[in-house]
Amino acid sequence: MNYQQFFRDQLTQLSEEGNYRIFAELERQCGAFPTARNHTLTGPEKVTVWCSNDYLGMGQHPKVLAAMRDAIDRCGAGAGGTRNISGTTHAHVLLEQELADLHGKNAALLFTSGYVSNWAALGTLASHIPGITVLSDELNHASMIEGIRHSRCEKRIWKHNDLTDLEQQLAELPANSPKLIAFESVYSMDGDIAPIAGICDLADRYNAMTYLDEVHAVGLYGLRGGGIAEREGLMDRLTVIEGTLGKAFGVVGGYIAASHALVDFVRSFASGFIFTTALPPSVAAGAVASVRHLKQSNDERVQHQQRVREVRDRLDALGIPHTPNPSHIIPVMVGDPVKCRFISDILMRDYGIYIQPINYPTVPKGTERLRITPSPVHSSEDVDRLVTALGELWTQCQLARRPMAAQ
């Protein structure tokens, strides 16, 4: 077999389908988010980023930056090893305490990313609890799917956010068998929200544990930024809450929050925790500053929701089709991978607007989209330029607009 030719053929096929991914070489501008430099063959060009998961701009917040600089001055760059050997620092302990408090749990455990926290926690729980069945929402993130797959446990896939299907599948399992329901609060591609209360009711009825991924909700919802479960008063009903530090909190890392016993169990058995170098103390310190600030300040969340409503209203006024949902994520639907890539390229080249196209396999074929994530640091002028550009490109690409009567 010609291995190199195989690789080239597969990449060519991706490109012909319009699904080959091209990364923009961006350089974020400290203190000036959402502005960034796009490094091109002809030199750097100024762009405005409209697809960042730094939802609140906390990656640029003065408190976060000051905490990270101070930690580097005090502790240096790295953690020095895995948490089990020499890498547990005071900043890690403080951060886990803050995260446990944020979610109303007894304990929390840090991981190097949200992906790793899902993979390690779900994989460990599902592989070590004898006879367990994991019931996974069909649109769960790849990290959750990989963790469940890695465990080799019995699994069932239930229809997305469908309580009737979930209950039917729970009822088919032996009453005394261990069960874990895994789902997300905000689904990142469509922006819809899970019926958490209904899922908790079923978990109580069928004696199942619950595992909630709040990655796209922490920092953004709830009085203190604890996520959708905090907003709806449901945190105490959930067995495990998983979150990230790399989105609304503006740094990097993942975590779980749960009971002391469950967290200690994962800490003691999860290879994805045991054998991984710890987050740098500066990152942990920055996360502590971010979490503490967003526990106290609601201004960012209020401004964020106002900007989201503004963008939606402006898109509606032009008939640009976007998926309605109750969250902060605005999926502008294109429905064609080549046109989606083309629009993204022209937005960057001619308008200085960066929105990465979302194509298969991240979303199903035929649902290609531009995933827009407004932030409180986008200005009204930024919104004007975005909406004007999309209106012009929708005409240029002869894409259908939403009838005014349907808005």
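Mentor: First a definition: a disulfide is a pair of cysteine sulfur atoms within 2.5 Å. Also, this is a predicted model, in which local features need pLDDT of at least 70 and side-chain atom pairs count only at pLDDT 80 or more, while totals for chains, interfaces and linings use all residues. Residues are numbered from 1 along each chain as its sequence is written, and side-chain values use heavy atoms, with hydrogens and water left out.

Trainee: Okay, so how many disulfides does that rule give?
Mentor: The count is zero.

Trainee: Is Cys153 buried or exposed?
Mentor: Cys153 is buried, at 13% relative accessible area. Buried means under 20% relative accessible area, exposed over 50%, and partly exposed in between, using a 1.4 Å probe and protein chains only. Cys200 is buried too, with 0% relative accessibility.

Trainee: Changing topic: which residues touch the most other members of the largest nonpolar core?
Mentor: Leu95, Leu99, Ile181, Phe183, Ile196 and Leu245, out of 54 residues in that core. A nonpolar core here is a set of buried Ala, Val, Leu, Ile, Met, Phe, Trp, Tyr and Cys residues joined through side-chain atoms within 4.5 Å.

Trainee: And which elements supply it with at least two residues each?
Mentor: Among them are helix H4 (90-102), strand E4 (107-111), strand E7 (179-184), helix H8 (196-205) and helix H12 (281-296). H12 gives the most, six residues. Helices (H or I, at least four residues) and strands (E, at least two) are DSSP runs, numbered from the N terminus.

Trainee: What is Leu99 in contact with, beyond its neighbours within four places in sequence?
Mentor: Ala108, Leu110, Leu245, Tyr255, Ala257 and Val291. Contact means heavy atoms within 4.5 Å. There is also a second, separate core of 31 residues, including Val47, Ile320, Ile343 and Leu347.

Trainee: Now the second largest pocket. What lines it?
Mentor: Its lining has 17 residues, and Ala24, Asn38, Arg341, Asp345 and Met348 lie nearest the centre. Helix H14 (337-351) and strand E2 (35-40) each supply at least two lining residues, and H14 has the largest share, with seven.

Trainee: How is a pocket defined?
Mentor: On a 1 Å grid over the protein atoms alone, a pocket is an open set of points where a 1.4 Å probe fits, with protein on both sides within 12 Å along at least five of seven lines; lining residues have an atom within 4 Å of a point.

Trainee: What about phi of Gln398?
Mentor: Phi there is near 55°, a positive value in a residue other than glycine. Gln398 lies in the segment after helix H15 (380-396), and it is exposed, with a relative accessible area of 71%. Most residues other than glycine have a negative phi, and most peptide bonds are trans.
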